[in-house]
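Reader: I'm new to this one, so please walk me through it bit by bit.

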Amino acid sequence: MSKESLFQYTCAAVFAAGVIFGLYRVDVLASGEPGLSALSVATASGTLFLLGFVLLMGPLCRMFAIFDRVLKFRKELGIMTFVTSLTHVYLVMFPLARSGPWGLFRSRPFSAYPGLEALIVLFVLLIFSWNWSMKLLGTKLWWELQYWGARLAFVLIGVHMVVLKYKTIVSWAMPGNLPEAGSHIPPLIVWEAQFLLLVLVIRLSELFGVKIARIITQVSTALVLVVLLWTTFAG
Ligand code: HEM
């Protein structure tokens, strides 16, 4: 492994660890319960945020020159999402499983199977992330595999979390539904649902050309931040 490659992996690993640590702290503040369950939520939502960021890197670079510098970390960050998702799946299927490893597959199949499929897609992308695979497939096919694979994994994760947690998301979207006493920090799922929408809006905004996409991206990002601050500090 070259020095440059080692540097990129180290930066991606440190960044991913920082994201997971931050999300863990937020989840503990919101739920008041530190431990493996909070770690599972932090690694789950960390995967969503990291993969979403990987998917946004292309559009963000085309819109804002400042993001050019982070583009070279895209592959390494993508690989980190396999590590974080595997941690989440291990925690929910073993230490945290109340009805055995396959309990959720029986009780919530429409959520559990898309989750497992997302993990399999991320694993395939990991296997095909090394240089030998680019030589084997050719550059064009390799890029298409990575391009569509990352999108497919993101959609499957979205289905998994929305099917599992739509009640919490809907109850937060209803006016007048304030958080439980003592906690005004929205649960991470509310942040995740808004991030999912944001990724969709930013990707679709490119259909209108760079200038309009830039405005849509700035306005929608500001809107999400305002909503989060509002739900955190109102009440
Ligand atoms: C790539 C694989 C996966 C990813 C990225 C992923 C992601 C997520 C996300 C974003 C959430 C919502 C977290 C929150 O409450 O804020 C979640 C929750 C959950 N997932 Fe997954 N998931 C994956 C696979 C799986 C699999 C295979 C299972 C097991 C059958 C599973 C079981 C659960 C459970 C039980 C929860 C609820 C956790 C809780 O509320 O404490 N996940 N997952």
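**Inside the helices**

Reader: Which residues of H1 are buried?
Author: First, a word on what you're looking at: this is a predicted model, where local features need pLDDT of at least 70, side-chain atom pairs count only at pLDDT 80 or more, and totals for chains, interfaces and linings use all residues. Residues are numbered from 1 along each chain as its sequence is written. Helices are DSSP runs of H or I, at least four residues, and strands are runs of E, at least two, numbered from the N terminus; a residue is buried if 20 or more other C-beta atoms, placed from the backbone, lie within 10 Å of its own, exposed if 12 or fewer, and partly exposed in between. By that count, the buried residues of H1 are Ala-12, Ala-16, Val-19, Ile-20, Leu-23, Tyr-24, Asp-27 and Ala-30.

Reader: How far apart are the end C-alpha atoms of H1?
Author: H1 covers residues 3–31, which makes 29 residues. Expected span is 1.5 Å times one less than the number of residues, so H1 should span 42 Å. The model agrees, with the end C-alpha atoms separated by 42 Å.

Reader: Is Ala-42 buried or exposed?
Author: Ala-42 sits in helix H2 (residues 36–63). Beyond its neighbours within four places in sequence, Ala-42 is in contact (C-beta atoms, placed from the backbone, within 7 Å) with Ile-20, Leu-23, Tyr-24 and Asp-27. Because Ala-42 has 24 C-beta neighbours inside 10 Å, it counts as buried.

Reader: And Gly-32, is that one buried or exposed?
Author: Gly-32 lies in the loop between H1 and H2, and takes a positive phi of about 75° just after H1. C-alpha to C-alpha, Gly-32 is 27 Å from Leu-51, though 19 residues separate them in sequence. Gly-32 has 12 C-beta neighbours inside 10 Å, so it counts as exposed.

Reader: How many residues does H2 give to the shell around the ligand?
Author: The shell has 28 residues (near means a C-beta atom, placed from the backbone, within 6 Å of the molecule), and the closest are Ala-44, Thr-47, Ser-85, Gly-115 and Ala-118. H2, H3, helix H4 (103–107), H5, H7 and H8 are the elements that give two or more. H2 has the largest share, 7 residues.

**The whole protein**

Reader: What is the radius of gyration of the protein?
Author: The protein has 9 helices and 0 strands. With the radius taken over C-alpha atoms, the globule rule is 2.2 Å times the number of residues to the power 0.38, and for 235 residues that gives 18 Å. The protein comes close to that, so it is as compact as a globular protein of that length, with a radius of gyration of 18 Å.

Reader: What share of the residues of the protein count as buried?
Author: The C-alpha atoms fill a box of roughly 55 × 50 × 30 Å, taken along the principal axes. Of the 235 residues, the share that count as buried is 31%.

Conventions. Contact = placed C-beta atoms within 7 Å.
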